Amino acid sequence: MSLPARLTPVRLAAGIAAAIVAALAGCAPADSGASSNSSTTSAAAGASPSASPSATCSKDQLKTQAAGKLTIATDKPVYEPWFKDDKPENGQGFESAVAYAVADKLGYAKGDVTWTRVPFDSVIQPGPKTFDFDINEVSITEKRKQAVDFSSGYYDVTQAIITTKGSKIANAKTIADLKGAKIGAQVGTTSFDTIKNVIKPSSDPAVFNTNDDAAKALGNGQIDGLVTDLPTAFFITGSGEVKNSQIVGQFANTGGTPEQFGLVLDKGSSLTSCVTQAVDALRSAGTFKQLEQQWLAQSAGAPVLQ
């Protein structure tokens with residue numbers, strides 16, 4: 001998840017993406033070489049696939065928070081490459097662009113979209129929502145599906161770990177090399193789950209309310225490593241947000257359905273099927289792949305830790 005991923009932005013994402021693309025041409029983001037646009041299925045979110053929204057998904061049939069409007073939530077602040085300038089309403093950044101593409105597929109013009117800010121951790125908790133859907137690098141998990149609905153996945157993701165040059169894990173080549181390190185991540189994220197379930201360090205992981213706090217802790221030497229999603233790892237290390245930072249490596253998806261980001265809806269929402277149909281149609285049309293190429297850095301150059 002989530003500079004969710006969420007750092008005080010030095011707005012270099014476009015330049016970073018271009019530099020990485022130039023150096024690492026031909027590699028797909030955040031999936032150890034597989035495009036998030038090609039391997040996802042609506043079954044991952046437990047929803048029925050469809051080529052395009054049906055007649056019952058027309059704008060006038062949708063029961064949204066406000067009639068004729070679509071209320072979309074995300075965190076505060078949000079960061080590149082997912083959003084630009086902490087302004088989700090500007091349509092720039094991968095997830096802002098995805099949100100507006102879904103809205104358009106459902107029949108909502110840009111002026112019909114209203115943004116609201118909701119903290120990441122509260123989005124995935126049970127209870128009524130104040131939004132129609134949330135987009136905030138939220139990974140689809142079975143546990144979360146007990147509390148909220150998800151669309152089908154719009155992005156496949158791997159987790160990565162970053163550190164500072166000269167740290168005790170700067171030259172780590174394997175997961176075992178990370179065991180003795182103090183590693184942190186944002187609360188409630190699959191990045192934090194990766195620390196507990198994949199790395200399994202000898203000391204308790206550090207938990208932070210936001211990735212911004214975690215990144216500051218890394219820069220201040222309070223932790224040895226920070227786990228986040230791979231595109232965000234490229235942004236942190238390339239933008240200078242954490243001085244002298246570097247990617248140690250990424251963690252391979254271990255079989256089955258890859259980790260995916262999905263749009264979050266209220267549990268039992270009448271919109272879930274229609275939103276999923278829109279996501280499926282956009283994926284089939286290649287829209288998400290085009291947006292990845294435009295907004296997200298490439299994933300090569302981050303070795304897979306075994």
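Biologist: Is the crossing of α2 and α8 left-handed or right-handed?

Modeller: α2 passes α8 in a right-handed crossing; right-handed is the word if the near helix is turned clockwise from the far one by less than a right angle, and left-handed if anticlockwise. Do keep in mind that this is a predicted model, where local features need pLDDT of at least 70 and side-chain atom pairs count only at pLDDT 80 or more, while totals for chains, interfaces and linings use all residues. Residues are numbered from 1 along each chain, and side-chain values use heavy atoms, without hydrogens and water.

Biologist: Why are α2 and α8 called roughly perpendicular to each other?

Modeller: The axes of α2 (residues 94-105) and α8 (residues 272-284) cross at roughly 110° and come within 9 Å. Angles of 65 to 115 degrees count as roughly perpendicular, so α2 and α8 are given that name.

Biologist: Which residues of α2 meet α8?

Modeller: A101, V102 and K105 in α2 meet V275, A278, V279, A281 and L282 in α8, where contact means heavy atoms within 4.5 Å. By kind, 7 of these contact residues are nonpolar, 1 is charged and none is polar.

Biologist: And what lines the second largest pocket?

Modeller: Its lining includes I124, Q125, R144, F192 and D193. α5 gives the most, with 3 residues. The lining divides into 3 nonpolar, 4 polar and 4 charged residues; Asp, Glu, Lys and Arg count as charged.

Note on methods
Axes are lines fitted to C-alpha atoms, for helices over the stretch in contact, and angles run from 0 to 180 degrees between N-to-C directions. Helices (H or I, at least four residues) and strands (E, at least two) are DSSP runs, numbered from the N terminus. Angles under 35 degrees count as roughly parallel, over 145 as roughly antiparallel, 65 to 115 as roughly perpendicular and the rest as oblique. On a 1 Å grid over the protein atoms alone, a cavity is a set of points where a 1.4 Å probe fits but cannot get out, and a pocket is an open set with protein on both sides within 12 Å along at least five of seven lines; lining residues have an atom within 4 Å of a point.
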